[in-house]
Amino acid sequence: MITPASMAQMNGSGNKIVVVDMRGRHDRITSEAVCSLALTNEMTFDQMMAIYDSEDKNTDYYIEIRNKNGSLAEACGNGMRCVAEWLYIREQRTSFIFDTAGGMICTQRLPNGMISVDMGNPRWNWQDIPLAVEIKDTNHVALQCGLLVDASLVSMGNPHAIFIVENSVADYNLEDYGPQLECDPMFPKGANISIVRVTSRDSVDLRTWERGVGLTDACGTAACASVVATCRRLLTKRQVLVTLPGGKLYISWKKNNHVIMTGPTQYECSGLFNLITGNHIPHRLAKG
């Protein structure tokens with residue numbers, strides 16, 4: 001008999017996250033369970049973050065990230081912030097080092113309650129994104145779909161195609177463009193598709209079609225990738241306020257090449273989760 005795991009529903013700037021406590025366990029969450037949970041009305045989410053004991057003595061925990069369609073993801077910045085806050089509530093620690101499929105991630109809880117995540121170095125070499133064919137200038141790629149024609153390609157541990165537009169980001173039917181571009185043959189692992197409007201030297205608006213998720217209110221790695229893309233095109237400074245449909249994120253591309261993402265989290269409710277079937281039992285509201 002499978003013992004249910006504790007879970008919590010949270011969000012980071014509108015990015016809907018489910019955190020599952022797998023500490024001390026060796027069983028795994030099935031893709032079918034993730035998909036089943038995603039179909040319920042009570043537990044809508046974009047990503048599931050499963051916290052496992054780490055095999056690497058230099059990190060605190062290993063985080064397995066799954067999109068709501070059951071697919072594995074390499075990175076989720078907003079999800080990492082939610083994990084850090086979930087662990088802070090239980091361990092009263094303000095900093096953590098996590099191991100993920102996309103690399104090592106460090107988090108810090110600030111005195112104002114916001115969580116900062118060191119997302120590491122952006123990569124734009126075609127092999128690192130990765131792309132199916134060699135492209136020397138990944139800052140300007142002819143990737144046309146409707147009104148979107150010129151992409152800046154960046155990896156933040158996961159692949160991103162950023163389209164910088166002049167009109168409001170709400171004027172573009174991203175729900176029409178996203179599915180096609182996500183699965184473009186250029187991206188062997190798929191891609192996150194974003195449209196960005198630069199509103200000043202230190203602010204941008206962002207909407208994202210997230211790989212394996214669809215339209216999302218917030219995507220932390222896309223916010224990071226958008227700032228890298230606009231900086232590479234000399235349109236913004238290296239510290240930028242990113243406004244997303246679900247909230248705001250503060251992105252800083254440091255001189256050491258690391259991208260730091262800072263923003264709020266919200267703890268919504270908790271319950272139990274069956275790792276095989278996806279059945280869940282919500283058992284209480286939680287504010288913190």
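The backbone nitrogen of glycine 14 lies 3.2 Å from a polar atom in the side chain of asparagine 11. The structure is a predicted model, in which local features need pLDDT of at least 70 and side-chain atom pairs count only at pLDDT 80 or more, while totals for chains, interfaces and linings use all residues. Residues are numbered from 1 along each chain as its sequence is written, and side-chain values use heavy atoms, with hydrogens and water left out. The side chain of asparagine 11 also makes a polar contact of 2.7 Å with that of glutamate 268; a polar contact is a pair of N or O atoms within 3.5 Å, where within protein one must be able to donate a hydrogen and the other to accept it, and residues adjacent in sequence count only if both atoms are side-chain atoms. Asparagine 11 belongs to strand β1 (residues 5-12). Strands (E, at least two residues) and helices (H or I, at least four) are DSSP runs numbered from the N terminus. With a relative accessible area of 11%, asparagine 11 is buried (buried means under 20% relative accessible area, exposed over 50%, and partly exposed in between, with a 1.4 Å probe and protein chains only). Beyond its neighbours within four places in sequence, asparagine 11 is in contact (heavy atoms within 4.5 Å) with residues including Lys16, Cys82 and Pro264.

Helix α4 covers residues 220-232, and its end C-alpha atoms are 19 Å apart, in agreement with the 18 Å that its 13 residues should span; the expected span is 1.5 Å times one less than the number of residues. Of the 13 residues of α4, 12 are buried, among them Gly220, Thr221 and Cys231. The largest nonpolar core contains 48 residues, and Ile63, Phe98, Val242 and Ile251 have the most contacts inside this core. Its largest share, 8 residues, comes from α4. A nonpolar core is a set of buried Ala, Val, Leu, Ile, Met, Phe, Trp, Tyr and Cys residues joined through side-chain atoms within 4.5 Å. Among the residues touched by isoleucine 251, not counting those up to four places away in sequence, are Ala223, Cys224 and Val227. A second, separate core of 24 residues includes Trp126, Leu131, Val165 and Tyr172.

Leucine 234 follows α4 and is placed in the loop between α4 and β15 (239-244). Its phi is positive, near 65 degrees, in a residue other than glycine, and leucine 234 is exposed at a relative accessible area of 70%. Asparagine 257, also not a glycine, has a positive phi of about 80 degrees. This asparagine 257 is partly exposed, at 26% relative accessibility. The peptide bond from isoleucine 129 to proline 130 is cis, with omega near -5 degrees; proline 130 lies in the loop between β8 (115-118) and β9 (141-145).

The count of salt bridges is 12, a salt bridge being a side-chain nitrogen of Lys or Arg within 4 Å of a carboxyl oxygen of Asp or Glu. Arginine 109 and glutamate 85 form a salt bridge with their closest N and O atoms 2.8 Å apart. Arginine 109 lies in strand β7 (residues 103-109) and glutamate 85 in helix α2 (residues 77-91), so the pair ties together parts that are 24 residues apart in sequence. Both residues, arginine 109 and glutamate 85, are buried. Arginine 23 and aspartate 21 meet through their side chains in a salt bridge of 2.8 Å, N to O. Asp21 and Arg23 are linked with Asp60, Glu91 and Arg93 in a network of salt bridges.
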